[in-house]
Amino acid sequence: MIAYLEQFVSETDSDTRLENGDTTLCREIELQGNIDFECSGSAGKDFGGTHQSKPLAVVRPVGPEDLIRVIRAASRSTNLTVAARGNGHSINGQAMADKGLVVEMRSMNGPMDVVKIGGSVFVDVGGGVLWEDVLIRCVYGFGLAPRSWTDYLGLTVGGTLSNAGISGQAFRYGPQTSNVTELEVVTGNGELLICSENQNSELFFGALGGLGQFGIITRARVLLQPAPHMVRWIRMVYTEFDEFASDAEFLVTRAECDSFDYVEGFVFVNNDDPVNGWPSVPLCSDQRFDHCRIPRTAGPVLYCLEVALHYRNEDDRFTIDKVAGKMLGRLRFCRNLKFEVDLSYVEFLLRVKRKEEEAKAHGIWDNPHPWLNLLISKRDIADFDRMVFKKILKDGIGGPMLIYPLLKNKS
């Protein structure tokens, strides 16, 4: 016991000396921004809510030069780690650094510049900028928008590009990582490099989806296209998974002129649970899910295919009805369980923000949110439904079970 205590005290003293040395090292860094050794509460947790840690300090850089100085200083320490934190929406502590430095990327969001290069239009945007701010700036300022999104836009550009960025447009344009032509990255050696498919290409493809392990994205050049004005948003209920999956595959393999602009889906429980069940399907408050219309053959879970059709203000409403009706007529959903609404393009893309505001008002936004993302082949998806959705998750999981139909050539 005495030997153990001596070892424990020795290790504790060693840890204290290391931490004190790192603190001294950090205080010597000259920054335009600041290093905060006191206020680190939010930097010690994330949206997942399943991990917590206490960083040594929080860094709020003004620009890439500050980030370079921080990383170079950390490289002189034997144990000091650095983690980039966007809007803290990671789920497994990826944006944390226990006794290390958490870099608040929002402090260096920078300007957004729309540029035209070789007939294409792009937005140059800082890694700490939120996608919702990109949306507002590009749509209202230029009538343009990125082609691919995430469902939730309260995320930073650098954060999603370090993962993938998948939503209902990915079947057509690929994830957000496939719609970037240039990055500015601060590497683990403290170098600021511009990279693209043709310049520093290994870093470019490593940083995109690299979870920050190859560098921190400080700027991205994102491809833009003309933004629609309006969206016809539709949800359809299925009782059979094979029909749901087959219709989703049918839609995402059609030509662009003969399909919807957004396709995804979700699984929900066949009961009145407000989070997991029937109430999660209607699109607005004046719509009601009539469970009496569910076929008697339905099992413990049901499926919802969610689609959207873009259009412009000058488009004839009769034509929009006809185009949507033609595509819906080919699908095998329960005809009396369809919900639709027309709303602006910006409102549609900010749809999850409304859910966020409701969750915050009810005090549940900060609850733990364990999350799992899986890519499953067409060959295995029916077995996954049979073993996971119908058996393991038949009572729901306290949150959405989303399904994104994707194509290999768009990943």
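This report walks through the domains, ring pairs and salt bridges of the structure above.

## Ground rules

This is a predicted model, where local features need pLDDT of at least 70 and side-chain atom pairs count only at pLDDT 80 or more, while totals for chains, interfaces and linings use all residues. Numbering starts from 1 along each chain as its sequence is written, and side-chain values use heavy atoms, with hydrogens and water left out.

The chain splits into domain 1 (15-107), domain 2 (112-226) and domain 3 (230-410), with bounds that come from an automatic or database domain assignment. Taken over C-alpha atoms, the centres of domain 1 and domain 3 are 39 Å apart. Six residues of domain 1 are in contact with six residues of domain 3 (contact means heavy atoms within 4.5 Å).

Domains 1 and 3 bury about 490 Å² between them, with 68% of it on carbon and sulfur atoms; buried area here is the accessible area (1.4 Å probe) that two parts lose on being put together, summed over both. On the domain 1 side, F47, G48 and I91 supply 73% of the area buried against domain 3, more than any other three residues.

S90 sits in the loop between β3 (82-85) and β4 (101-104); strands (E, at least two residues) and helices (H or I, at least four) are DSSP runs, numbered from the N terminus. S90 has a relative accessible area of 18%, so it is buried (buried is under 20%, exposed over 50%, partly exposed in between, with a 1.4 Å probe and protein chains only). Leaving out residues up to four places away in sequence, S90 touches D46, F47, G48 and A95.

## Aromatic pairs

There are 16 aromatic pairs in the structure. The rule takes rings of Phe, Tyr and Trp (its six-membered ring) with centres within 6.5 Å; planes under 30 degrees apart count as stacked, over 60 as edge-to-face and the rest as tilted. One of the pairs is W131 with W149, edge-to-face at 6.1 Å centre to centre and 75 degrees between the planes. W131 is in helix α3 (131-142) and W149 in the loop between β7 (144-146) and α4 (157-161), so the pair ties together parts 18 residues apart in sequence. Both tryptophans, W131 and W149, are buried.

Y238 and F333 also pair edge-to-face, at 6.4 Å and 65 degrees. This pair links distant parts of the chain, with Y238 in strand β11 (230-238) and F333 in the loop between α8 (317-328) and β14 (338-344), 95 residues apart. The charged end of R335 sits over the F333 ring, 4.2 Å from its centre (the test: NZ of Lys or CZ of Arg within 6 Å of the ring centre and within 35 degrees of the ring normal).

## Salt bridges

The count comes to 26 salt bridges. Among them is E182 with R219, at 2.8 Å from N to O, which links strand β8 (180-186) to strand β10 (216-226), 37 residues apart. E182 is buried at 15% relative accessibility, and R219 is buried at 17%.

R235 and E306 form another, with the closest N and O atoms 3.2 Å apart. Here strand β11 is linked to strand β13 (301-311), 71 residues apart. R235 is buried at 12%, and E306 is buried at 4%. R232, D321, K338, E340 and D342 are linked in a salt-bridge network.

Conventions:
Salt bridge = Lys/Arg side-chain N within 4 Å of Asp/Glu carboxyl O.
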